[in-house]
Amino acid sequence: MKKFNQLFVVLTVLFVVLSFSGCTQSFSIDGMWSSPNGTIITFQNSSASASLFGFNGGPNGSYELSAKTDSNGDYTLYGSHLTGGTIEYSVNVVNNDKIVMTLQSESPYAPNSITLERK
């Protein structure tokens, strides 16, 4: 009976671990997003629209989103643009369809903070 109880405990722990191991998934920022004031920002295959860098048109820039979150649960987005230079945003994922981005670097063009909803 003692062996049965040990086996039961081991199987229960294994089941719990396997049940929760699939709960963590990385966030994908790819897609079209809009801000409350109507700014549209598109992220696709490491390319970001110029509006992310504070421009109303022009060439796209590039971006990379960190694979893991920091201690606050936020991702880091690094961006680079031909005329806008480089930027770094902290990206707080409210849910899969809403994010809040806060500028962590200095930029004369990029918005300091922007709330975006997936289109």
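This is a predicted model: local features need pLDDT of at least 70, side-chain atom pairs count only at pLDDT 80 or more; totals for chains, interfaces and linings use all residues.
1. Overall fold. Eight strands form a closed barrel in the order β1-β2-β3-β4-β5-β6-β7-β8, and their pairing is antiparallel. The points on strands β3 to β7 below look at parts of this arrangement.

2. Strand β4 and its neighbours. On one side, β4 pairs with strand β3 (residues 47-48) in the antiparallel sense, over two bridges. Here Ser 47 stands opposite Ser 62 of β4. Strand β4 also pairs with β5, again in the antiparallel sense, over four bridges. In that pairing, Glu 64 has Tyr 78 of β5 as its bridge partner.

3. The two faces of β4. In a regular strand, side chains alternate between the two faces of the sheet. Strand β4 (residues 61-65) can be read with this in mind: Gly 61, Tyr 63 and Leu 65 make up its covered face, whereas Ser 62 and Glu 64 make up the uncovered one. Ser 62, on the uncovered face, is the residue that stands opposite Ser 47.

4. Strands β6 and β7. These two strands run antiparallel and are joined by six bridges. Val 91 stands opposite Met 101, which belongs to β7.

5. Nonpolar side chains tend to be buried together in soluble globular proteins. In this model the largest nonpolar core has 23 residues, and those touching the most other members are Ile 29, Phe 43, Leu 52, Leu 77, Tyr 89 and Met 101. The elements that each give two or more residues to this core are β2 (40-44), β4, β5, β6, β7 and β8.

6. Contacts of Tyr 89. Which residues does Tyr 89 contact, leaving aside its neighbours within four places in sequence? Among them are Leu 52, Leu 77 and Met 101, which are also listed with Tyr 89 as core residues that touch the most other members. Further contacts of Tyr 89 include Tyr 75, Thr 76, Thr 102, Leu 103, Gln 104, Ala 110, Pro 111 and Asn 112.

7. Aromatic pairs. How many aromatic pairs does a search of the whole structure find? The search finds four. In one of them, the ring centres of Phe 27 and Trp 33 are 6.3 Å apart and the planes stand at 55°, so this pair is tilted. Phe 27 and Trp 33 are both buried. Phe 27 also forms a tilted pair with Tyr 75, with 6.0 Å from centre to centre and 40° between the planes. Phe 27 is in the loop between α1 (2-21) and β1 (31-34), while Tyr 75 is in strand β5 (residues 75-81); the pair therefore ties together parts that lie 48 residues apart in sequence.

8. The aromatic cluster. Through ring pairs, Phe 27, Trp 33 and Tyr 75 are linked into a cluster. Phe 27 has a relative accessible area of 11% and is buried. Tyr 75, at 9%, is likewise buried.

9. The salt bridge. The count of salt bridges comes to one. The side chains of Arg 118 and Asp 97 form it, at 3.4 Å from N to O. Arg 118 belongs to strand β8 (residues 113-118) and Asp 97 to the loop between β6 (85-95) and β7 (98-103), so the pair ties together parts that are 21 residues apart in sequence. Are these residues buried or partly exposed? Arg 118 counts as partly exposed, at 24% relative accessibility. Asp 97 also counts as partly exposed, at 42%.

Conventions:
Residues are numbered from 1 along each chain as its sequence is written. Side-chain values use heavy atoms; hydrogens and water are left out. A salt bridge is a side-chain nitrogen of Lys or Arg within 4 Å of a carboxyl oxygen of Asp or Glu. Buried means under 20% relative accessible area, exposed over 50%, partly exposed in between (1.4 Å probe, protein chains only). Rings of Phe, Tyr and Trp (its six-membered ring) pair if their centres lie within 6.5 Å; planes under 30 degrees apart count as stacked, over 60 as edge-to-face and the rest as tilted. Two strands pair if DSSP finds at least two bridges between them. A nonpolar core is a set of buried Ala, Val, Leu, Ile, Met, Phe, Trp, Tyr and Cys residues joined through side-chain atoms within 4.5 Å. Contact means heavy atoms within 4.5 Å.
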